[in-house]
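Morning, everyone. I have one structure to walk through today. Here it is on the screen.

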Amino acid sequence: MDRLQQTICALATPPGTGGIAVVRVSGPDAYPMVEKIFVPLHVGRKVAEAKGYTAMLGHYLLHGAEMDECVALFFRAPHSYTGEDVIELSVHGGTAMADGLLEALITAGCAPAGPGEFTRRALENGRMSLTQAEAVMEVIAANGRQGAALAKSALDGRLAKRIGKIQTALQTLNAHLTAWVDYPEEDVPELSDAAFVGTLTEQKAALDALISGYSAGAVLRHGVDCVLLGRPNVGKSTLLNLLAGFDRAIVTPVAGTTRDIVEQAVQLGSVRLNLFDTAGVRDVGEHGDAVEAEGIRRSWKKLEEAGLVLAVFDLAAPLNEEDLEIARRCQGRPALAILNKQDLAGQGEAFTAAQQQLAPYFKAIIPLTARDAASLQPLCQAVAQLLGTANLDPNAAALCSARQLSAAKEARDALAEALNSQEDGFGLDAAGVCISDAQRALARLTGEDATEATIDEVFSTFCVGK
Ligand code: GDP
């Protein structure tokens, strides 16, 4: 049987203890199947006759035995999440009653839903686009309110609209080009170079903006792995505790106290940092402590993987070779230099000297006092600036998956090529080929041209019940 002809069911709330559990049923036989297992409280009411957007109280039966009290919420096709007949059944939370309900529904003929199958049906029934389906996943996965707002804007179709505008502009341009190249004898007005270059530049800029907003958006939705780096005793643990708001790491004046990576998630402004306070990086020498050496090796590795590096230096002591080794390793990375213990050193000579030495390796240098809570504010601003979240409008259209990003890049590169070929004096038909490439990439982005394999891949990351 065609899968869409089947009626599916799944638990829509997270498994575990909770007030209520919701089981969702969707498909052509949702009403007759639920009718078999649901007994309305009021005699004379019938599931088959329930109108959309109404609720009914009753209980459900498993193998003929009365089980839990149950509230049924009815949706009629096409006015439902999937576009099919849908019934949402709420029972008491915890897993026992929901499991019993699922068993009853499967006995009545429902098939257990696969991951993301409800959303996939919504896509297949034209209730949402592929970009909106991806946004559903992002809204569920987002941690932090701004990240969720960003994903929600894609769900509302803002991304589809933004891409749609670019598509329309390219379509008009390409239609004009084609007419002009293919029908020279007709009176098609010549496309001026300025208009041609203007349109392409504008659409390329729109794609550039979406592409550059992607990583900042991902930071808002998922947070960023952040490593704290610095030689022993510069104040890494103190900074970690400042960020965490409580004493998470052991702070002692003895060098080499933090032996391994401490993991801690903290909220800094709108960004969630997954913090790794590493073993203090110092040269333990050939006969040094093996455990400490291993800790240091991990610190360097973490530095290469992290989305944000906070390298801490001690302003109260002159920078030494170990500090400079850390600085060199930070070059080209998303790294901030923290000049700590400003309370001891002030903004005098030590500060100027350290700033000059470190400037080539860091995106920004921030003097602060990790012991003082007032230091959080400048740190927060510097991090938002570095990660690009400072200027991101959570209500603007945004790309929200790696798949969308790669299609957008492909379209942008094709437009850049069209502009180059124009500049190099190649004919307009050469530019037309590039514009068609960009159009195809955009159609893949929105899902108009997405292959079954792409759709399968998108849904492979979904959870069951969504
Ligand atoms: P770590 O080894 O890099 O983790 O350094 P700790 O956080 O353990 O700090 C080492 C020493 O420096 C401790 O005695 C801290 O109290 C002190 N310290 C850390 N930050 C500051 C600061 O901003 N000002 C001053 N005066 N001392 C600090």
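Start with Asp-208, which sits in helix α7, residues 193-222. Keep in mind that this is a predicted model. Is Asp-208 buried, exposed or in between? It is partly exposed, because its relative accessible area is 23%, and the cut-offs are under 20% for buried and over 50% for exposed.

Now, what does Asp-208 pair with in a salt bridge? The partner is Arg-412. The closest N and O atoms of the two are 2.8 Å apart. Arg-412 belongs to helix α14, residues 402-423, while Asp-208 is in α7, so this pair ties together parts that are 204 residues apart in sequence. The two ends fall in separate accessibility classes: Arg-412 is buried, at 18% relative accessible area, whereas Asp-208 is partly exposed at 23%.

Take Asp-208 and Ala-408. They are 200 residues apart along the chain, and their C-alpha atoms are separated by 8.5 Å.

On to the other salt bridges. How many does the structure hold? The count is 19. I will pick out a few.

Glu-321 and Arg-328 form one of them, with an N to O distance of 2.5 Å. Both ends are partly exposed: Glu-321 has 49% relative accessibility, and Arg-328 has 37%.

Next, Arg-329 with Glu-325. Their closest N and O atoms are 2.9 Å apart. This one is local. Both residues lie in helix α10, residues 321-330, and they are four residues apart, about one turn of the helix. Arg-329 is partly exposed at 32%. Glu-325 is partly exposed too, at 27%.

Then there is a network. Which residues does it link? Arg-120, Glu-124, Glu-452 and Asp-456 are joined by salt bridges.

Let's turn to the ligand.

Some polar distances, each to an oxygen atom of the ligand. For Ser-237, a polar side-chain atom lies 2.7 Å away from such an oxygen. For Lys-341, an N or O atom of the side chain is 3.1 Å from one. Val-234 uses its backbone: a polar atom there is 3.3 Å from a ligand oxygen.

How much of the ligand does the protein cover? On its own, the ligand has 580 Å² of accessible area, and the protein covers 89% of that.

Last stop, the surface. Leu-41, Leu-57 and Val-71 make up a nonpolar patch there. Together they have about 240 Å² of accessible area. Where is Leu-41? In the loop between β3, residues 38-40, and β4, residues 54-62. Why does Leu-41 count as exposed? Because its relative accessibility is 54%, and exposed means over 50%.

That's the tour. Questions are welcome.

Note on methods:
Residues are numbered from 1 along each chain as its sequence is written. This is a predicted model: local features need pLDDT of at least 70, side-chain atom pairs count only at pLDDT 80 or more; totals for chains, interfaces and linings use all residues. Side-chain values use heavy atoms; hydrogens and water are left out. A polar contact is a pair of N or O atoms within 3.5 Å; within protein, one must be able to donate a hydrogen and the other to accept it, and residues adjacent in sequence count only if both atoms are side-chain atoms. Accessible areas come from the Shrake-Rupley method with a 1.4 Å probe; for residues, only the protein chains shown count as cover. Patches are made of residues with over 30% relative accessible area and no salt bridge: like charges are joined within 9 Å, nonpolar side chains (Val, Leu, Ile, Met, Phe, Trp, Tyr) within 5 Å. A salt bridge is a side-chain nitrogen of Lys or Arg within 4 Å of a carboxyl oxygen of Asp or Glu. Helices (H or I, at least four residues) and strands (E, at least two) are DSSP runs, numbered from the N terminus. Buried means under 20% relative accessible area, exposed over 50%, partly exposed in between (1.4 Å probe, protein chains only).
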